[in-house]
Amino acid sequence: MNILKILKKYIIDSQIYVSLMGTLFAVFFMTEQNTFRFPTVLLIFITYFSGYLYTKYQYTKHFFKILVLNAVAGIACAFLIIHNHNEVRLLKWFIIVILGLLYNSFFLDVYIRKIPLLKVFYVGLVWALVNCWLTLPEFSIPIFLISFLFITALVLPFDIRDMKSDTVKTFPILIGIQNTKYIAYTLVFMSSIIAVFYLEYQYALAFFMSSIITYILIYFSENKRDDSYFSFGVETCSALPFLFLLIMKYF
């Protein structure tokens with residue numbers, strides 16, 4: 001039990017876990033498109049990590065330290081891009097960072113997270129842009145749709161978790177938990193269908209197997225469940241395609 005508490009405090013609550021899951025989701029598509037490069041992987045992880053830290057700590061006494069850390073992270077990311085890529089990749093990264101700031105920033109009168117129902121789609125959009133645009137020479141519509149639909153579906157269980165504390169209207173509040181799950185099922189199904197027709201066989205199979213696990217976790221999502229069910233269980237779904245791919249390749 002103590003080990004679980006330590007993992008939650010230092011891995012999950014620190015935003016390392018969600019950043020790693022997002023990075024592995026991107027790595028899955030990078031390997032399928034044969035664009036895998038370690039500097040890009042490091043760039044994606046630093047971007048996710050600094051972004052989630054900014055969102056979590058902007059209303060706390062630690063915010064100045066987080067700003068300093070983000071500034072250092074931004075310089076590191078710019079260096080990685082300039083040294084390993086080109087100015088086009090730098091522009092793409094900068095646009096994605098700006099979109100992240102628009103999601104939840106205290107200096108804005110109205111930010112995306114305050115707009116009813118938009119949050120789930122916006123998170124899916126940003127993650128999808130990382131996978132289909134930042135890491136590729138040209139924008140890939142199939143990878144965008146696969147990522148956007150899948151990540152949007154994964155955000156919905158978190159709205160179920162937070163429905164009693166959310167101050168803005170979300171799908172569970174408006175249409176109920178069960179109908180929200182139906183939307184999530186549909187999004188995962190659509191994402192899987194596109195993956196089957198577009199991705200190479202092994203990658204499509206890995207994604208399909210991940211979708212089955214995702215269906216199960218969505219099915220058992222309830223707001224009375226412990227936070228670890230969502231922040232560890234549901235969050236892991238984004239890394240499952242890559243993990244299943246590793247299993248099929250090496251085991």
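This is a predicted model: local features need pLDDT of at least 70, side-chain atom pairs count only at pLDDT 80 or more; totals for chains, interfaces and linings use all residues.
**Entry 1: helix 10**

I started with helix 10, which runs over residues 201-219. I counted 19 residues in helix 10 and found a reach of 27 Å from the first C-alpha to the last, close to the 27 Å expected at 1.5 Å a residue. Next I asked which residues of helix 10 are buried. My list reads Tyr-203, Ala-204, Ala-206, Phe-207, Ser-210, Ser-211, Thr-214, Leu-217 and Ile-218. Looking down the axis of helix 10, I saw these buried residues fall within an arc of 155°, so they line one face of the helix.

Which helices do the buried residues of helix 10 pack against? I found helix 2 (16-32), helix 7 (141-161), helix 9 (177-198), helix 11 (227-236) and helix 12 (240-250).

**Entry 2: the core**

I then looked up the largest nonpolar core and found 71 residues in it. The residues with the most contacts inside this core are Phe-28, Phe-150, Ile-151 and Leu-199. Helix 7 gives the largest share of the core, 12 residues. My general note for this page is that nonpolar side chains tend to be buried together in soluble globular proteins.

Leaving aside residues up to four places away in sequence, Leu-199 touches Phe-28, Phe-29, Glu-32, Ile-146, Ile-194 and Ala-204.

**Entry 3: aromatic rings**

I found 21 aromatic pairs in the structure. The rings of Phe-28 and Phe-29 have centres 5.1 Å apart and planes at 80°, so I logged the pair as edge-to-face. Both partners are buried: Phe-28 has a relative accessible area of 0%, and Phe-29 has 1%. For Tyr-54 and Phe-63, the ring centres are 5.7 Å apart and the planes are at 55°, so this pair is tilted. Tyr-54 is buried at a relative accessible area of 7%, and Phe-63 counts as buried at 10%.

Which residues form one aromatic cluster with Phe-28 and Phe-29? I wrote down Phe-25, Phe-150, Tyr-203 and Phe-207.

Lys-181 lies over the face of Tyr-219, at 5.8 Å from the ring centre. Arg-225 lies over the face of Tyr-229, at 5.0 Å from the ring centre.

Helix 3 (38-57) was my next stop. I found 20 residues and a reach of 28 Å between the first and last C-alpha, close to the 28 Å expected at 1.5 Å a residue. The buried residues of helix 3 include Pro-39, Val-41, Leu-43, Ile-44, Leu-53 and Tyr-54. The buried residues of helix 3 pack against helix 2, helix 4 (63-84), helix 5 and helix 6.

Is Gln-15 buried or exposed? I found 12% relative accessibility for Gln-15, so this residue counts as buried. Gln-15 is in the loop between helix 1 (2-12) and helix 2. Apart from residues up to four places away in sequence, Gln-15 touches Phe-49, Tyr-52, Leu-53 and Lys-56.

**Entry 4: loop residues**

Asn-34 has a positive phi of about 60° although it is not a glycine. I placed Asn-34 in the loop between helix 2 and helix 3, where it is exposed at a relative accessible area of 71%. Leu-117 also turned up, with a positive phi of about 70°. Leu-117 is in the loop between helix 5 (87-103) and helix 6 (118-134), and it counts as partly exposed at 29% relative accessibility.

Lys-164 is exposed, with a relative accessible area of 74%. The C-alpha atoms of Lys-164 and Lys-224 are separated by 9.9 Å, and the two residues are 60 residues apart along the chain.

Note on methods. Residues are numbered from 1 along each chain as its sequence is written. Side-chain values use heavy atoms; hydrogens and water are left out. Helices (H or I, at least four residues) and strands (E, at least two) are DSSP runs, numbered from the N terminus. The expected span of a helix is 1.5 Å times one less than its number of residues. Buried means under 20% relative accessible area, exposed over 50%, partly exposed in between (1.4 Å probe, protein chains only). The arc is that of the directions from the helix axis to the C-beta atoms. Contact means heavy atoms within 4.5 Å. A nonpolar core is a set of buried Ala, Val, Leu, Ile, Met, Phe, Trp, Tyr and Cys residues joined through side-chain atoms within 4.5 Å. Rings of Phe, Tyr and Trp (its six-membered ring) pair if their centres lie within 6.5 Å; planes under 30 degrees apart count as stacked, over 60 as edge-to-face and the rest as tilted. A charge sits over a ring if NZ of Lys or CZ of Arg is within 6 Å of the ring centre and within 35 degrees of the ring normal.
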